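Dear colleague,

I am handing over the structure below, and I would be glad if you could look through it with the notes that follow.

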Amino acid sequence: MANSRSGESVVDRIIKVLSAFERAKPRLTVSALARETGLPNSTVHRLATELCDVGFLDRDAQGKVGIGMRMWELAARSNPLEEFRQRGRPVLEGIQEALRHDVSLSVPTYEDFTVLYVERFDKHGTVNNNLANVAKRLDMHCTSAGLAMLANAEHHVLEQFLTGPIPQCTPRTITCPEQLRAQFAEIRERGFSRLAGDLVAENVGYSVPVNGQANKVIGAITVVCAQTEDNPQLIVPVLAAAGRSLSRLMGSGHRPYSARNWSTLK
């Protein structure tokens, strides 16, 4: 693809344009889009027009542009994440019915060690500041989902992560490799991860890994509740059973999460 004077290819500039839209900014004027991307107005106007022509963006009556229906169409019919999300939805619904807490489904991105959330069901009527929004990424080591996936990841992936650098997300984030090794070992032994008050002071999160073919970790299921409603004797067995169920649906053989007696958990 032809490069601009800055050295960016057309693809680079298109990615900048498409990446500018967020949940809080679903539609932007061309001038606002230019400010967000740092691209010239003329370049953004041309790219936005071409992307609208093919349906990747659409333009409303006020002249603002946003992500078009064709982007969703292409992703929904060909992206493997959609299959995972569809198979996971009934499992998440069952967890929420049993526990009445926020529940989410996520997948790992080991290139930058982030968690991508692909589905979430909220507990209606709560004010939990749950940061796990759909299509949002969070650092793996500061989320219960990320810790569950890292702890059960392939050895070379785990070693690559531990060689760092490991950013300090919050004052409570563990960044010491040896402490993390011990934390990962405990997660593997218990079969789940738990973080209380790390990202949001009043919340506690529990996660179990989801395995696919060859028992490879492909995602995680998470339950988030207020610390005042924390009940591991109820949450962990439901979550563990759900993780096994979705793992089987995704092609994994049976693998028990832990031999620990749930009634001893504190």
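This is a predicted model: local features need pLDDT of at least 70, side-chain atom pairs count only at pLDDT 80 or more; totals for chains, interfaces and linings use all residues.

Residues are numbered from 1 along each chain as its sequence is written, and side-chain values use heavy atoms, with hydrogens and water left out.

I begin with strand 4 (102-109), where helices (H or I, at least four residues) and strands (E, at least two) are DSSP runs numbered from the N terminus.

Strand 4 is joined to strand 5 by 7 bridges and the two run antiparallel, with Tyr117 in strand 5 as the bridge partner of Ser106; two strands pair if DSSP finds at least two bridges between them. Strand 4 is also joined to strand 9 (residues 217-226) by 5 bridges, again in an antiparallel arrangement, and Thr222 in strand 9 is the bridge partner of Ser104.

Thr222 also has a side-chain partner in Ser207, since the two side chains make a polar contact at 2.6 Å (a pair of N or O atoms within 3.5 Å; within protein, one must be able to donate a hydrogen and the other to accept it, and residues adjacent in sequence count only if both atoms are side-chain atoms). Ser207 lies in strand 8 and is buried, with a relative accessible area of 0%. Not counting residues up to four places away in sequence, Ser207 touches several residues, among them Ser144, Ala148, Phe192, Ile221 and Leu239, where contact means heavy atoms within 4.5 Å.

Turning to the aromatic residues, there are 4 aromatic pairs, counted where ring centres of Phe, Tyr and Trp (its six-membered ring) lie within 6.5 Å, with planes under 30 degrees apart taken as stacked, over 60 as edge-to-face and the rest as tilted. The rings of Phe192 and Tyr206 have their centres 6.0 Å apart and their planes at 40°, so this pair is tilted. Phe192 lies in the loop between helix 8 (177-190) and strand 7 (193-196) and Tyr206 in strand 8 (residues 203-211), so the pair ties together parts that are 14 residues apart in sequence. Both Phe192 and Tyr206 are buried. Tyr110, Phe113, Phe161 and Phe184 form one aromatic cluster.

Finally, some backbone angles deserve a look. Most residues other than glycine have a negative phi, and most peptide bonds are trans. Phe113, in the turn of the hairpin that strand 4 and strand 5 form with 4 residues between them, has a positive phi of about 50°, and Phe113 is buried, with a relative accessible area of 13%. Ala135 likewise has a positive phi, of about 70°; Ala135 sits in the loop between strand 5 and strand 6 (137-139) and is exposed, with a relative accessible area of 63%. A cis peptide bond joins Gly164 and Pro165, with omega about 0°, and Pro165 is found in the loop between helix 7 (155-162) and helix 8.

How values were computed:
Buried means under 20% relative accessible area, exposed over 50%, partly exposed in between (1.4 Å probe, protein chains only).
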